Amino acid sequence: PAWSSRSSVAQDFDVVVIGGGPAGYIAAIRSAQVGLKTACIDEAKAADGKPALGGTCTNVGCIPSKALLQSSEHFEQAGHHFAEHGVKVKGLELDLAQMLKRKEKVVKGSNDGVMYLFKKNKITFFHGRGSFGKSPTEIQVGNETLNAKNVIIATGSNARPLPGAEFDEKLILSNDGALAMGEVPKKLGLIGAGIIGLEMGSVWRRLGAEVTLLEALPGFLGLADETIAKEAQKIFTKQGLKMEFGVKISKVSPSKKSVTVQYAASDGSSKTLEVDKLIVSIGRVPNTTGLNAEAVGIKLDRGFISVDGECRTGVPGVWAIGDDVGGPMLAHKGEEEGVAVAERIAGQHAHVDFNTIPSVIYTSPEIAWVGKTEQQLKAEGVAYRAGQFPFSANARARALGDTNGLVKFLADAKTDQILGVHIIGPF
């Protein structure tokens, strides 16, 4: 059964997964597939109070942001680019309520999809917050007690608040509030010009907001290859995103209808930005509070769970994966770890290569990369060759009407082994 029977008698499982996000639900599904009696615990609720499996990614992250990115892209294309193709649009209007309604429909479809997979794989699901009981093999969820031979912690992460500017989801927004604004703000500020900042900034700019991004780091997209980052900054600036780097926020002051941000610019001068809404996207913190992990011997470092190279916590039978253990906070990274841990529990050999984890930013143009950047290869003293090809020379891109961007390959100078691939361009 996909739902627990709610008996007062402790239930026994081979594997109990705490968390139903990408790392957790994939770990649960794979555990069941390799023959282990599996349960999964997740506390997320939909607006109607029913379970909302899928974690941050499905509910207030990857999936809803992509839905709004697609909708806002259609709106911008209709307003600015259709005429070039001979498609004339009169009386263009934005129905934001319908756009948000469609986003929720997409999310619910994903929620239902995970629940279907739980039923199909005979995974017992418990709706609530899981925590360790008297021992590492005892898990409490509500009034239930579960006994587990193995526990996989996959509780995910939460948006990191800016000290002195805590989220109220009305004026100062996390990714949650950024996906649910009922009207387009005239002026929108974002603190943090990373993946979330760029995607949310792109959505609301396309819908009519004047968007300003403030970034503490001295340059743009420091994790990306420098060639790609420079091209992206040029394109996004041309699109209308205002960006400042090397800033130091000194004070955030919300009033009844606006937010004032005081900050020091990179040249040391004092500046003030007044906006209708402020999105804070300065990273994420592991969601391990209330897990009672340390009480059963699990070591935490700044909220992150300490694990070895195979996701073992050091407490026999207890594993941790995904955003809880550090590394790239990406859904597909957590999924790979979830599969690997399930197979290790079943006695199989599993391996995850963290050097081949891709990254994607779903802006327009999209940005994607895998492997090493050119600056990393230089720092490591690796002999390499670099080659790139612009989309402006690509006939398919010209037919599409978007020739922004390029593809860049980095290869070993002697063997031609591919060391990195970096792309910015039309999707």
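Arginine 205 is buried, with a relative accessible area of 11%. Keep in mind that this is a predicted model.

**Arginine 205**

- Arginine 205 sits in helix α6, which covers residues 195-206.
- Once residues up to four places away in sequence are set aside, arginine 205 touches Glu76, Val211, Gln239, Gly240 and Leu241.

- Isoleucine 139 belongs to strand β5 (residues 138-141), and its relative accessible area is 0%, which makes it buried.
- What does isoleucine 139 contact, leaving aside its neighbours within four places in sequence? The list is Val16, Ile18, Ile41, Ser131, Phe132, Glu144, Thr145, Leu146 and Val151.
- Take valine 151 from that list: it is 12 residues from isoleucine 139 in sequence, and the two C-alpha atoms are 8.6 Å apart.
- Leucine 406 is part of strand β23 (residues 406-412) and is buried too, at 8% relative accessibility.
- If you skip neighbours within four places in sequence, leucine 406 is in contact with Thr227, Ile228, Glu231, Gln388, Phe389, Pro390, Phe391, His422, Ile423 and Ile424.
- Among those partners is threonine 227, which is 179 residues from leucine 406 in sequence but 9.3 Å away in space, C-alpha to C-alpha.

**Cysteines**

- How many disulfides does the structure hold? The count is zero.
- Cysteine 40 is in no disulfide, and the nearest cysteine sulfur belongs to cysteine 57, 15 Å away.

**Helix α1 against α4**

- When two helices pack, the angle between their axes and the distance between the axes describe the arrangement.
- For α1 (residues 22-33) and α4 (residues 96-120), the axes come within 10 Å and cross at roughly 20 degrees.
- With that angle, α1 counts as roughly parallel to α4, because the cut-off for that label is under 35 degrees.
- The crossing of α1 past α4 is left-handed.
- On the α1 side the contact uses Tyr25, Ala28 and Ile29, and on the α4 side Val114, Leu117 and Phe118.
- Sorted by class, the α1 contact with α4 has six nonpolar residues, no polar ones and no charged ones.

**Helix α1 against α8**

- Here α1 packs with α8 (residues 331-345) at an angle of about 30 degrees, and the axes are 7 Å apart.
- That puts α1 roughly parallel to α8.
- Which hand does the crossing of α1 and α8 have, left or right? The crossing is right-handed.
- From α1, the residues involved are Pro22, Ala23, Tyr25, Ile26, Ala27, Arg30 and Ser31; they meet Ala331, Gly334, Glu335, Gly338, Val339, Ala342 and Glu343 of α8.
- By class, the contact of α1 with α8 has eight nonpolar, three polar and three charged residues.
- Tyr25 turns up in the contact with α4 and also in the contact with α8.

**Backbone spots to look at**

- Serine 364 and proline 365 are joined by a cis peptide bond, with omega about 5 degrees.
- Proline 365 is in the loop between β20 (359-361) and β21 (366-371).
- Lysine 122 has a phi near 60 degrees, a positive value in a residue that isn't glycine.
- You'll find lysine 122 in the loop between α4 and β3 (124-127), and lysine 122 is exposed, with a relative accessible area of 66%.
- Aspartate 416 isn't a glycine either, yet its phi is positive at about 70 degrees.
- The loop between β23 and β24 (418-425) is where aspartate 416 sits, and at 43% relative accessibility aspartate 416 counts as partly exposed.

Technical notes. Residues are numbered from 1 along each chain as its sequence is written. This is a predicted model: local features need pLDDT of at least 70, side-chain atom pairs count only at pLDDT 80 or more; totals for chains, interfaces and linings use all residues. Side-chain values use heavy atoms; hydrogens and water are left out. A disulfide is a pair of cysteine sulfur atoms within 2.5 Å. Axes are lines fitted to C-alpha atoms, for helices over the stretch in contact, and angles run from 0 to 180 degrees between N-to-C directions. Helices (H or I, at least four residues) and strands (E, at least two) are DSSP runs, numbered from the N terminus. Angles under 35 degrees count as roughly parallel, over 145 as roughly antiparallel, 65 to 115 as roughly perpendicular and the rest as oblique. A crossing is left-handed if the near helix is turned anticlockwise from the far one by less than a right angle, and right-handed if clockwise. Contact means heavy atoms within 4.5 Å. Ala, Val, Leu, Ile, Met, Phe, Trp, Tyr, Cys and Pro count as nonpolar, Asp, Glu, Lys and Arg as charged, and the others, Gly among them, as polar. Buried means under 20% relative accessible area, exposed over 50%, partly exposed in between (1.4 Å probe, protein chains only).
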